[in-house]
Amino acid sequence: MVTRMSDCFHWSEFPPAFRRAAELAGFSETRLAETSAGPLTAWRRPSAGPRVYLSAGIHGDEPAGPLALLDLMREGFFTPHIDWALCPALNPTGLAEGRRENAEGVDLNRDYLLRKTPEVAAHAAWLEAAGNPGLFVSLHEDWEASGFYFYEINLGVDEPCRAEELIEAVSPWFPPDPGHEIDGHSPRKPGWIFHAAEADLPHGWPEAIFLAKNGCPLSFTFETPSHAALASRVAAHKAAVRTACRSL
């Protein structure tokens, strides 16, 4: 029997654990908004290198992404030659309750055009003030997935070898999702959705579309299968992040 996420992820323990690890690694915290489950925070460690922005936890029933970023922070992955920006837990109230939406029942990852929620309004303003990253990576999970898959939004050069490297990196834990349709999209190859910089719902912009519209040239949204063991999902996310950032 697979242990359910709510048995493995304890929101009250996550923010102080991440804070300790991030401060030891030289990151500084910005509080973007206050919620009933604690502050929505962003973490930065500027450098002269290329800027990379990573996010997780925008859906509160998807804890593998936050835990993967915590592990990477503890393991010293965030090397000083990169200008790093992280939002490891974009939906504090959802993570606290183990639900996809925030406490008001809103899917935050559909609010980046209208920005009606305080969380997204504050987060989008922070993103705009920080300027465009050269790479955006977002960590998600999918209850319906039968394997690993990812979205690529690419405003620059098409490099299919990157997709192959990502699939290979995650293969010790998950095969690429074999579906002819994945999350309502036709994959370019198994597990790889090459997505236009347009929202599926005209007014329901997710974070990745918001960043693309603001000029971010390349983004990856990683999706691990939620029914699998949490440790495997975390490990797969870490491998995918390492591979996506390797060329930098």
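Reader: What should I keep in mind before starting?

Author: Residues are numbered from 1 along each chain as its sequence is written, and side-chain values use heavy atoms, leaving out hydrogens and water. As the model is predicted, local features need pLDDT of at least 70 and side-chain atom pairs count only at pLDDT 80 or more, while totals for chains, interfaces and linings use all residues.

Reader: At what angle do the axes of H2 and H7 cross?

Author: Axes are lines fitted to C-alpha atoms, for helices over the stretch in contact, with angles from 0 to 180 degrees between N-to-C directions. Helices are DSSP runs (H or I, at least four residues), numbered from the N terminus. Here the axes of H2 (residues 64–74) and H7 (residues 230–245) cross at roughly 60° and come within 8 Å.

Reader: Which residues of H2 and H7 make the contact?

Author: Contact means heavy atoms within 4.5 Å. H2 contributes Ala64, Gly65, Leu67, Ala68, Asp71 and Leu72, and H7 contributes Leu230, Arg233, Val234, His237, Lys238, Val241 and Arg242.

Reader: Is Glu119 buried or exposed?

Author: Buried means under 20% relative accessible area, exposed over 50%, and partly exposed in between (1.4 Å probe, protein chains only). Glu119 has 5%, so this residue is buried. Glu119 lies in helix H4 (residues 118–130).

Reader: What does Glu119 contact, leaving aside neighbours within four places in sequence?

Author: Its partners are Thr35, Leu40, Leu90, Thr93, Asn102 and Leu108.

Definitions and conventions. Helix = DSSP H or I, 4+ residues; strand = E, 2+ residues; numbered from the N terminus.
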